[in-house]
Amino acid sequence: MTFKFASGSLPRVARIAAMGAALFAAGLAQAASLTLYSAQHEQTVNLLVKDFEKQSGISVRVHTGEGPQLAAQLLAEGKASPADVYLTSNSPELMLLEEKGMLTKVNPTTLATIPARYNSPKGEWVGVMARENVLVYNTKMIKPAQLPGSLMDLAKPAWKGKLAIAPADGDFLPLVSAVRALKGEAATLQWLKGLRANAQVFDDNEGVTAAVNRGAVATGIINNYYWARLRTELGAKGTHSELYHFGNGDVGALINVSGAAALKTSHNSDAAQKFLTYLVSERAQQLFAKSTITYEYPLHAGVAPSPMLKPFDQLNPPKLDMQQLGDDSQAAKLLRQAGLL
């Protein structure tokens, strides 16, 4: 049997086929993309995103902000959130989203890349990098032997006028949570009130580090990478400060974990899982380690950190797991009670 097409019908068929192909291609383009909510250093994230896009063919839209604020935004957006992946600087923000049921399981092979103690207790987020809480001190104003044996000592009257803190910085919250987990709520509140009496208050850890380096104050509580970044910027001649690492498992040597998770409401869960796998891959962890912005410890075994950092296996943090550290909600409450927020 032979079919005859009416005049002009073939171009219409071709147009329909072309439209179908275009819609299919658009569907593929949509599938091969993800939205990242990131609270990590923008320059480093941009470097990683470009490399991931090149390696995977998946495009990434990045929405940046501070960790606690992005976590609050995700909670407010709920099921309507466009986010596929959340990457943040501190584990409590991930614990909060985990507790609220917003995260999905990370692929077991991805989780296995990182030591279990740095991952979610439920397997719903994966540790990516780590930082150490330290003191930065001005070498012309104070000697290492004069520095305290414990972070808790900084609340004593002897440290009045000699200390700088940034309680509104998101990096300060996990430290308060750690003190609360190890010392209890009453002792933590007393400690915070002592800090309020003793310390100069700055907006962020960059401000603390710069103030100590220029001699405005003798010492300050920071995370290790702030000093390394300042040292890189100013060079040896412009650096008048050093880092002091607490020992003996003191709470002041807390290890903060940066981590990432896929949202349960992700529109492209496969791409989200691929991005998590990429973040903990040796390739990405090498990029982290070589960054002159991040100066954090890679958590992938065998990837060495920057030589500017104290070797990771020589750190002596307190024995705290991610669940004990919690979600920072009580830490913020205590900071407000102490008059520091």
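1. Two strands pair if DSSP finds at least two bridges between them. By that test, β4 and β9 pair in the antiparallel sense over 6 bridges. Helices (H or I, at least four residues) and strands (E, at least two) are DSSP runs, numbered from the N terminus.

2. Basis of the model. This is a predicted model, in which local features need pLDDT of at least 70 and side-chain atom pairs count only at pLDDT 80 or more, while totals for chains, interfaces and linings use all residues. Residues are numbered from 1 along each chain as its sequence is written, and side-chain values use heavy atoms, with hydrogens and water left out.

3. Overall picture. The chain comes to 13 helices and 10 strands. Its C-alpha trace spans about 100 × 45 × 30 Å along the principal axes. Of the 341 residues, 51% count as buried. Buried means under 20% relative accessible area, exposed over 50%, and partly exposed in between (1.4 Å probe, protein chains only). Contact means heavy atoms within 4.5 Å. Among contacts with a separation of 6 or more, residues 24 or more positions apart account for 76%.

4. Strand β9. This strand covers residues 255-262. It is largely enclosed by the rest of the structure, because 8 of its 8 residues are buried. Both faces are covered. Ile255, Val257, Gly259 and Ala261 lie on one side, and Asn256, Ser258, Ala260 and Ala262 on the other. Leucine 87 stands opposite alanine 260. Glutamate 132 has isoleucine 255 of β9 as its bridge partner.

5. Strand β7. Here 5 of the 5 residues (219-223) are buried. Thr219, Ile221 and Asn223 point one way, Gly220 and Ile222 the other. Strand β4 (residues 126-138) pairs with β7 in the antiparallel sense over 5 bridges. Valine 134 has isoleucine 222 as its bridge partner in β7. Strand β5 (residues 163-165) pairs with β7 in the parallel sense over 2 bridges. In that region alanine 164 stands opposite glycine 220 of β7.

6. Threonine 188. What is the relative accessible area of threonine 188? It is 0%, so threonine 188 is buried. The residue is found in helix α7 (residues 185-198). Two polar contacts deserve a look. A polar contact is a pair of N or O atoms within 3.5 Å; within protein, one must be able to donate a hydrogen and the other to accept it, and residues adjacent in sequence count only if both atoms are side-chain atoms. The side chain of threonine 188 reaches the backbone oxygen of glycine 184 at 2.6 Å. It also reaches the backbone nitrogen of arginine 180 at 3.2 Å. Leaving aside neighbours within four places in sequence, threonine 188 is in contact with Val176, Val179, Arg180 and Leu334.

7. Helix α13. Leu334 belongs to α13 (residues 329-337), where Ala331, Ala332, Leu334 and Leu335 are buried. The buried residues of α13 pack against α6 (172-183) and α7.

8. Backbone angles to check. Most residues other than glycine have a negative phi. Asparagine 248 has a positive phi of about 60° although it is not a glycine. It lies in the loop between β8 (241-244) and β9. Aspartate 328 also has a positive phi, of about 75°, and is not a glycine. It is found in the loop between α12 (322-325) and α13. Asparagine 248 is exposed, at 77%. Just after α13, glycine 339 takes a positive phi of about 80°.

9. Largest pocket. About 520 Å³ of space lies in it. Of the 30 lining residues, the closest to its centre are Ala39, Glu66, Ser89, Asp169 and Tyr226. α2 (42-56), α3 (67-77) and α9 (224-238) each supply at least two residues of the lining. A pocket here is an open set of points on a 1 Å grid over the protein atoms alone, where a 1.4 Å probe fits, with protein on both sides within 12 Å along at least five of seven lines; lining residues have an atom within 4 Å of a point. Grid points are joined across faces, edges and corners, and the volume is the space filled by probe spheres set on the points.
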